[in-house]
2 protein chains.
Amino acid sequence: MLWQRAREPHAHRWSLPGGGLGAEEDVEASIRRQLAEKVDVRQLSHVEQLAVFSAPGRVPGMRVVATAFLGLVPSDIDPVVPSDTAWHPVDALPATAFDHQAIIHKARGRLASKLSYTNLGFALAPPQFTISALRELYSAALGYPVSATNLQRVLSRRGLLEPTGDTAPPGPAGGRPAALFRFASRGMRVTDPFAVLRPPTGRSVVP
Amino acid sequence: MLWQRAREPHAHRWSLPGGGLGAEEDVEASIRRQLAEKVDVRQLSHVEQLAVFSAPGRVPGMRVVATAFLGLVPSDIDPVVPSDTAWHPVDALPATAFDHQAIIHKARGRLASKLSYTNLGFALAPPQFTISALRELYSAALGYPVSATNLQRVLSRRGLLEPTGDTAPPGPAGGRPAALFRFASRGMRVTDPFAVLRPPTGRSVVP
DNA sequence: CCACGTTTTCGACCCTTAGGCGAAAACTGG
DNA sequence: CCAGTTTTCGCCTAAGGGTCGAAAACGTGG
């Protein structure tokens with residue numbers, strides 16, 4: 001989600017939402033406030049720190065140190081945004097202001113890897129979904145196709161997916177009705193990768 | 001590595017090295033400068049951003065937003081440090097200033113997980129090492145014992161370990177001389193965990 | 001110099017998890 | 001009732017980690 005800058009520097013160019021840090025808030029409270037002020041995005045399903053961007057010349061004319069965040073919104077939600085704000089497909093972005101291109105690139109990398117070893121999919125998916133819908137979400141987020149069969153089995157085996165019992169009606173072309181699922185837990189859960197470092201008894205990493 | 005604060009606030013308490021951001025440097029250049037100024041640590045084998053700590057009251061009396069870093073030094077190096085600075089075992093830390101306890105905790109978690117799915121061990125290990133020495137390093141960093149057999153095979157299979165051909169002399173109690181190894185590449189290399197999200201052809205994540 | 005304790009190394013076997021394929025199931029439309 | 005579609009499920013294979021125990025290579029003490 002980008003909005004078009006009104007003022008210099010980089011007027012009229014698309015940029016990530018953000019703003020200055022207030023005296024009584026930390027950076028996460030700040031970015032949530034910025035989003036709530038400038039655009040109507042209250043349904044953030046996940047927010048996490050990405051990185052600090054602090055190159056001296058990243059904003060012409062003044063020194064700005066930015067803490068970039070990765071924020072996710074479920075796919076079923078289409079927040080109303082002001083006229084200067086719009087959603088863009090991450091594969092076809094317009095020219096962006098400052099170093100925002102690099103921030104977006106880093107954000108996408110973070111999303112891709114966290115989709116692999118966490119249940120972060122819950123933040124992208126609606127409350128209920130079919131496996132094929134989830135497959136499309138994952139494919140879009142990752143940038144390459146994933147197998148629906150595998151996705152279901154892997155997520156199930158990790159205990160992240162549970163059936164609701166309901167089914168979704170088939171499409172116009174027919175087909176077997178798809179079973180509906182939901183994510184087992186809200187909030188992030190990490191499935192620790194690799195076992196070299198797994199304690200002999202099977203405890204998790206750094207309790 | 002901690003040093004004892006000379007001035008208020010939190011005088012005489014142990015704290016992480018750090019300092020203000022200069023006008024002509026980014027945060028990474030800054031932390032490297034701080035380390036070079038205050039203590040003689042030029043052999044940093046790895047430096048990465050950890051997180052921003054920005055709670056309004058984290059430093060009493062003034063507003064300080066800190067970008068925390070994780071920095072590693074190979075185990076064979078014992079940098080000379082000023083009299084107010086000392087290395088502490090991470091399992092037996094003294095009382096620390098501000099929120100540095102939380103920073104250290106986060107750093108250790110990051111180190112533990114990156115040891116699992118990257119070759120970050122290269123930053124902890126000396127140029128040459130035996131498998132048992134590496135095993136002790138990993139065990140210490142992770143906080144629980146790891147199997148030497150497994151460690152060798154896993155790292156070898158990932159192509160991270162290569163034999164030097166030499167052997168280390170046995171200890172005072174005798175024993176078979178241990179073969180010496182080195183890490184195949186300096187610089188961080190990520191072995192992407194889990195394969196659900198691996199493209200059908202085997203391409204890596206986000207080229 | 002030979003038996004013994006020590007440390008390292010290597011191989012064998014098992015288990016868990018992912019990837020792929022194809023058949024069966026369940027539905028629509030004609 | 002039949003053809004076409006979409007989903008689901010089971011089976012098989014491959015890869016990676018976990019464990020165990022035997023063999024290799026060394027020092028030491030009798």
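Pro9(A) sits in the loop between strand S1 (2-4) and S2 of chain A; helices (H or I, at least four residues) and strands (E, at least two) are DSSP runs, numbered from the N terminus. This is a predicted model, in which local features need pLDDT of at least 70 and side-chain atom pairs count only at pLDDT 80 or more, while totals for chains, interfaces and linings use all residues. Residues are numbered from 1 along each chain as its sequence is written, chains are lettered from A and ligands numbered from 1 in the order in which they are written, and side-chain values use heavy atoms, with hydrogens and water left out.

**Backbone features in the loops**

- The peptide bond leading from Glu8(A) into Pro9(A) is cis, and its omega is near -5 degrees.
- In chain B, Glu8(B) and Pro9(B) are also joined by a cis peptide bond, with omega about -5 degrees; Pro9(B) belongs to the loop between S1 and S2 of chain B.
- His10(A), in the loop between S1 and S2 of chain A, is not a glycine, yet has a positive phi of about 60 degrees.
- With 24% relative accessibility, His10(A) counts as partly exposed (buried means under 20% relative accessible area, exposed over 50%, partly exposed in between, with a 1.4 Å probe and protein chains only).
- Phe98(A) is not a glycine either, and has a positive phi of about 50 degrees; look for Phe98(A) in the loop between strand S5 (85-86) and H2 of chain A.
- Phe98(A) counts as buried because its relative accessibility is 19%.

**Around Glu25(A)**

- Glu25(A) is placed in the loop between strand S2 (14-15) and helix H1 (27-38) of chain A, and counts as buried at 11% relative accessibility.
- Its side chain makes a polar contact with the side chain of Ser30(A), at 3.2 Å (a pair of N or O atoms within 3.5 Å; within protein, one must be able to donate a hydrogen and the other to accept it, and residues adjacent in sequence count only if both atoms are side-chain atoms).
- Leaving out residues up to four places away in sequence, Glu25(A) touches Gly20(A), Ser30(A) and Arg33(A), along with Ser54(B), Pro56(B) and Arg63(B); contact means heavy atoms within 4.5 Å.

**The sheet in chain B**

- Three strands of chain B form an open sheet, ordered S2-S1-S5, with antiparallel pairing; two strands pair if DSSP finds at least two bridges between them.
- Strand S2 (14-15) and strand S5 (85-86) of chain B are the edge strands, each pairing on one side only.
- Strand S1 (residues 2-4) of chain B is joined to S2(B) by two bridges, and Trp3(B) stands opposite Ser15(B) in S2(B).

**Helix packing**

- In chain A, the axes of helix H2 (residues 100-117) and helix H4 (residues 131-142) come within 9 Å and cross at roughly 140 degrees; axes are lines fitted to C-alpha atoms, for helices over the stretch in contact, and angles run from 0 to 180 degrees between N-to-C directions.
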